[in-house]
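This report goes through one structure for a reader who has not seen it before. It begins with the overall build and then turns to single places in the chains.

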Amino acid sequence: MALKAEHGEAATVVAGGTFVGIMVNQRLMAPAAFLSLRDVPGLAYVRANEELRLGAMTTHRTVELSPEVCEGWPALASAFAVVASPRVRNQATVGGVLADADHASDPPSMLLALGARAVARSVRGEREIPIEDLILDFYSTSLEHDELLVEVRVPGGPHGAVYRKFRSRSHEDRPAVGVAACRRQGELRVVVGAVAGRPQWFPALCDPSRDPAEVGRAYADAVEPISDVSGSASYRRRVIAVEVRRALVDLA
Amino acid sequence: MTDPRVTGRARYAEDLEAEGMLHARIVRSPYPHARVTGLDASQVPEGCVVLLPEDVRDLGRYGVQIRDQSVLAGRPRHVGDPVAAVAAGSARAAEEAAASLFVDYEELPAVPDVLQAVQPGAPLVHEGHELASTGAAYFGLRPQQGTNVCHRFRIRDGDVAGGFEQAEAVVDETFRVAGAHHAAMEPHACLARWEQGRLEVQTGTQTPFNLREELAGIFGLEPERVRVVCRPMGGSFGAKTFLRTEAIAAALARKAGRPVKLVLPRDEEWQTLNRHPAVVRVKLGARADGTFTAAQIECYADTGAYADSGPGVAQKMGFAAPGPYRIPNVAVDAYCVYTNLPPNGAFRGYGQMQSTWARERAVDLLADRLGLDPLELRLKNLLREGDRYCTGEPMHDVHYAECLERAAEAIGWRDDRRGKGLSVILKGMQTPSRAAIAVEAGDDGTYVLRCATAEMGQGAIHAITLLAAELLGVEPDRVRFPAPDTDVVPFDTRTTSSRSTYMMGRALEAAVRDLQANGGRRGFGEVANAGGLDPDTGQGVASTHWHQAAAGAEVRVDEETGKLEVVRLHTAVYAGRVVNRPGAELQNEGSMIMGLGSALFEEVVFRDGQVVNPNLSDYAIPSFADLPERMTHELLEGESGEIHGLGETALPPVPPAIGNAVASLGLELFDLPMTPERVTEAIERRVGVKA
């Protein structure tokens, strides 16, 4: 924490290195210093009680295979299980995938739909940030320069959830559209990922009594999708309508 | 003996070290077409060696078919064209030095598209076309001066207009194939040094003798003053052919007076060489009973800013375009066209995937028009033993029908055609072609093979070692096959076009006979295949033996998202005689997987001449999870025992088999790759579903 407070933005935090590694290799990032969390003890854990607590250095693979997560939060396990390949999932971490705020990742949308909060710690103390307030835009979060993301908390209790990843290219590709949906005590959350700078959630459209196809069309209209090598904006709109509907049908 | 590639002991060019070695970095143009108006090297740190245009002014131009390249470009013609280079004590220092060199440019009009480039009045990428005199300029080149066409190849056989008059049904469609990237695991890497006026280059290359010839020409040396040592390659797929990075490393080494190593960062791979994007127009006519009457085909191969082997690629795209069919009247026009994109060159399939996609889709469209079964239509028209191809050459050892029948059977074509597709191909081999090998006996019962066949993971060394052991009557572990070194091995055309086992195998037989006839110490064998085509009529011998294959595919389509799923894929490849079965099977599987990538999603995407996806995150290649539910293949053997090359034969039939399977659902696709987005467009276009 002291190092983070001292170096702030000048030091790039490295967890699993799957994101920072690509950015450095592509010369999109040339940090003067790295702050590696690899040998920091006590940041890799899965604790499941009333709520699920995941240490920031817990790998995707650990979450995917954790019996507690598979039992209590199976949709979350599945959202981590569809990321890239096992080689990547053995490196990539829970904290990293949130803190890098890459728009084309799978887990953030699912965490948002589940109502998860990130725990940010600094020399000043600790605070909880709901995922919807954490990721602001492409590669941009509300973390302060002296803060480190140390834990993710996912509410427990009875709920139904589903994650659907739509890939337009290779199976190991990032999503063209990712849809996470969660129903908890009559409340519905639908979150669409990989289509804009941050996970797309429109509470006003999430009426659990509405026909799934209608919700799908409403989301397709509400989102302003990006165009890139995975698909054009108009194609993404088409897929959003279909995949949101399918997610809600899966959920029912 | 454990393969050093498995144990990690293989030393690739990237791993080489030399005393006093410097690391190089290239400074590249950010514009697709520009003129360098100023270079400021004053901020480059002390101790770095900088290569500027004035340092290469005395050097010759190069280019294996058209002499259109200089070691550094004063007028860069594509994004990534080298304009300067630096060398420093470490790779990181070289990167920093490159970033501290400032270049001023004046932008020039650029032409990013092949069809724009052939329009009259299009900006010229090169004002004139100077033919190369190298061994790779072996065919009659027909550059069209004053245009962007650096080679035009034609086939003129029969009376095409008359043939279309006899046709009851005619299909005339235009197809597009996107650029693709080789994505070899190992990037381009080389180490260059000078000793007493002699240049030595260690590099991963499929073409050691072509490279030696080019370097000798650039530096004004006798070829014997240049030594090229081939390192094993971590994949190539055509990317490591001819001269790539070696001249810059050699020029830096000359200036520095020290060895220089140059390893390309991954993103620069996409600026160095890709596969030709192409536009292919096919007009095909048949009588009501399905008998083909005429074919007229135009191919436009986008070779990017420099010709490289593009003229050869365009020619093969053209002469393979009519396919393995009896067509009495054929006209083909193939154009190799400059644009302001990064250079395109050899890529597994060598142009023939592009024209095969177009023709095999057109055959299915024609079958639909005639109301015939696409399998029966093909069988009716396929070439048979002794038939004459449109180049005038008689076809021998012909097995197209057998390949096609096997593919059809594998996917249960005759049970139910819905969701299924077929394709059949021919593919030419480098012709004319020459190969030589020396066999030397040691005192301890071992033998050493000296030849230029390069190992890029394809297993040529293993296959040729097995052949040698069999001919010499010894165990394979008694045969050694050192890496090719132009100082030691006899001349060979190159390790390309699936020719090595076939050509080198025959040279080896001659060498072993020579050894046995002359005291058993040393034998030398050489074979030469004559042939070649008249570039204006396409008459002659296109290929001394043809690669033959067929594919069958079954697909499922998610009609809401357009996502394609290949459920079943089978290829049947004619091998003649299988030398090394596990190696041959891996070649088939590798070719099929590459074919899947080209079929479904691989595409180099350009915006304003810049590659948008120059990394393996944004450029997707197939993973094992992308394989069809069932993917199988077979190697057919023949009575003749003639070895047929198979390093790339199973690639070209894969995209059209999948495309035809999708078409059986009423979804007509014309462009590769068949992305879900393109499939949804076909869904919108569909007017009615076929029975």
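## Overall build of chain B

Helices (H or I, at least four residues) and strands (E, at least two) are taken as DSSP runs and numbered from the N terminus. Counted in this way, chain B has 16 helices and 29 strands. The structure is a predicted model, in which local features need pLDDT of at least 70 and side-chain atom pairs count only at pLDDT 80 or more, while totals for chains, interfaces and linings use all residues. Residues are numbered from 1 along each chain as its sequence is written, and chains are lettered from A and ligands numbered from 1 in the order in which they are written.

The radius of gyration is taken over C-alpha atoms, and the globule rule is 2.2 Å times the number of residues to the power 0.38. For 691 residues, a compact globule would come out near 26 Å, and the 25 Å of chain B agrees with this. Along the principal axes, the C-alpha atoms of chain B fill a box of roughly 75 × 70 × 45 Å.

## Burial and cores

A residue is buried if 20 or more other C-beta atoms lie within 10 Å of its own, exposed if 12 or fewer, and partly exposed in between, with C-beta atoms placed from the backbone. By this count, 59% of the 691 residues of chain B are buried. Two residues are in contact if their C-beta atoms, placed from the backbone, lie within 7 Å. Among contacts in chain B between residues at least 6 apart in sequence, 80% join residues at least 24 apart.

A nonpolar core is a set of buried Ala, Val, Leu, Ile, Met, Phe, Trp, Tyr and Cys residues joined through C-beta atoms within 7 Å. The largest one has 223 residues, and Val86(B), Leu252(B) and Val662(B) have the most contacts inside it. Leaving aside residues up to four places away in sequence, Val86(B) touches several residues, including Ala24(B), Val44(B), Cys48(B) and Leu101(B). A second, separate core has 71 residues, among them Ala56(A), Met57(A), Ala120(A) and Ala176(A).

## Where the chains meet

The contact between the chains takes 18 residues from chain A and 21 residues from chain B. On the chain A side, helix 2 (18-25) and helix 11 (233-251) each supply at least two residues. Helix 11 of chain A gives the most, with four residues.

## Helix 11 of chain B

Which residues of helix 11 (residues 400-410) of chain B are buried? They are Tyr400(B), Cys403(B), Leu404(B), Arg406(B), Ala407(B), Ala408(B) and Ala410(B). The buried residues of this helix pack against helix 10 (374-381) and against strands 17 (420-427), 24 (547-557), 25 (564-576) and 28 (630-637) of chain B.

Just after helix 11 of chain B, Gly412(B) has a positive phi of about 65 degrees. In the loop between helix 10 and helix 11 of chain B lies Asp397(B), whose phi is positive, about 50 degrees, although it is not a glycine. Asp397(B) counts as partly exposed, with 16 C-beta neighbours inside 10 Å.

## Other backbone features

Gln196(B), in the loop between strand 8 (189-195) and strand 9 (198-203) of chain B, is not a glycine but has a positive phi of about 50 degrees. Gln196(B) is exposed, with 5 other C-beta atoms within 10 Å.

Thr431(B) and Pro432(B) are joined by a cis peptide bond with omega of about -5 degrees. Pro432(B) sits in the loop between strand 17 and strand 18 (433-441) of chain B. From Leu672(B) to Pro673(B) the peptide bond is cis, with omega near 0 degrees. The loop that holds Pro673(B) runs between strand 29 (671-672) and helix 16 (676-685) of chain B.
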